[in-house]
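Thanks for making time this morning. Please take a look at the structure on the screen, and then I'll walk you through a couple of places in it.

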Amino acid sequence: MTSALTLPTGGQLVSSRPEAPAGSQPLPFELDHLLALRVPGLIATRRHIHSHPELSGEEYETAALIARELSLAGLTPRMLPKGNGVICDIDGRPDGPVIALRADIDALPLTDSKDVPYRSTVEGVCHACGHDVHTAVMLGVGMLLAQLADAGQLDGRVRLIFQPAEEILPCGSLEVIEAGGLDDVLQIFALHCDPNQPVGKVGLRVGPITAAADNVTVRLTGPGGHTARPHLTVDLVDALGRLITEVPALVSRRVPANSGLLLVFGHASAGTRYNVIPSEACASGTLRVMDRDTWEQAPKIVAQVVRDVIAPTGATVDLEYLRGRPPVCNDARAIQVLTAATAAALGPEGIAETPQSMGGEDFSWYLEHVPGALARLGVGRSGPNVDLHRASFDVDERAIPAGVRVMVQTALRALAAAR
């Protein structure tokens, strides 16, 4: 990988230099012109990262690329202790406040199915959640804010956080926090790609915007035996079937309906032969819930229901309940900052309402320590959109300069409001 990235040719997504959206306000210090010059390079960077994805916890080359690009902008990035993430302060007025902006950088274990020049070159790994876009946006923000700082026009310090391991447990945000990523920070902000919104729109919401998300794994064991004589053993396939069909419905009956609890098993396995009752079976999935109180109770409820359902089968149960992340709960004042920033960056028409999602986001752990907000960046393409976490996911790359404008305006307004 090199920092001298060039825009690939022959791509299906073509982007030109962005013009300021109607009704928007110009960025200070002629940064609109600098952004226009930087857009081709940011798109090239996004495509390079897209074609060279790295799984959660293994983002070493991606982090190295980020550090090189920030260094070329005159900044002084520092690597996280494992070397797979980056923190970089942009120093303005020394006695000013500290505002953090976060981008996640990891990819998913999916095989890229797109027919594009920047298709993933790593088998079984793909940027199917837009973290390559988040990274490119934040690099653009760093380049522009570095110019403001050099000109003495940055009214405080902006901390850029390029976070690993958003997609797995334990969460990468906890590594950042342990490494001092939130030291002195007053507010923190982030964008996440939203294919359901067109480019030029940013989804905003006060309060919970994502669900809590935990991992559940249930292992069943028994003596095994012949399928001709299930009465002499424990039929684990039958027990597994009961687990994956009965437990989700029963768990949802133990909590208020408006809590939005959703238990879905994404993996189930048992046996290797048609005429052998196996001695081991396993199912794993996610539990998602929309309110914090029910999330606190969920482990005890799931454990009791699993045992009640499996007890009549005679199988031995081993339940692993792995705490994931609470809901992202957006601070009202932080959303005020994002709302004003979006109107300035994209015009008043850029502001969009957005519902609470059942998706999980480890940005929530930052908000356990400091107030802040997550917004949804419109990346929708013409024609049918493809949801996040699909191997065919792609974006309208005009979202990159739109995201840069929003986050630059967010940082400036957050610094001004904190004075």
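Let's start with D394. Its side chain makes a polar contact with the side chain of R46, at 2.9 Å. Keep in mind that this is a predicted model. D394 has another partner too: a polar contact of 2.7 Å joins its side chain to that of Y118.

Where does D394 sit? Look in the loop between strand 16, residues 372–380, and helix 9, residues 399–417. Is D394 buried or exposed? Its relative accessible area is 5%. The cut-off for buried is under 20%, so D394 counts as buried.

Now move to an annotated stretch. The unreviewed UniProt entry carries the annotation "domain: Peptidase M20 dimerisation" for residues 216–308. In the model, the chain over residues 216–308 is 37% helix and 31% strand. The end C-alpha atoms of that stretch are 16 Å apart.

Find V216 in strand 8, which covers residues 212–221. V216 is buried as well, with a relative accessible area of 1%.

What is V216 in contact with, leaving aside its neighbours within four places in sequence? The list includes L263, A283, S284, G285 and L287. V302 is on it, and so are L319, E320 and Y321.

Pick out L319 from that list. V216 and L319 are 103 residues apart in sequence. In space, C-alpha to C-alpha, V216 and L319 are 7.5 Å apart.

That's the tour. Over to you for questions.

How values were computed:
Residues numbered from 1 in each chain as written. Predicted model: local features only at pLDDT ≥ 70, side-chain atom pairs only at ≥ 80, totals over all residues. Heavy atoms only, no water. UniProt positions renumbered as here; feature names shortened; annotations may be inferred. Helix = DSSP H or I, 4+ residues; strand = E, 2+ residues; numbered from the N terminus. Buried < 20%, exposed > 50% of the residue type's maximum accessible area, 1.4 Å probe, protein only. Contact = heavy atoms within 4.5 Å. Polar contact = N/O pair within 3.5 Å; in protein donor to acceptor, adjacent residues only side chain to side chain.
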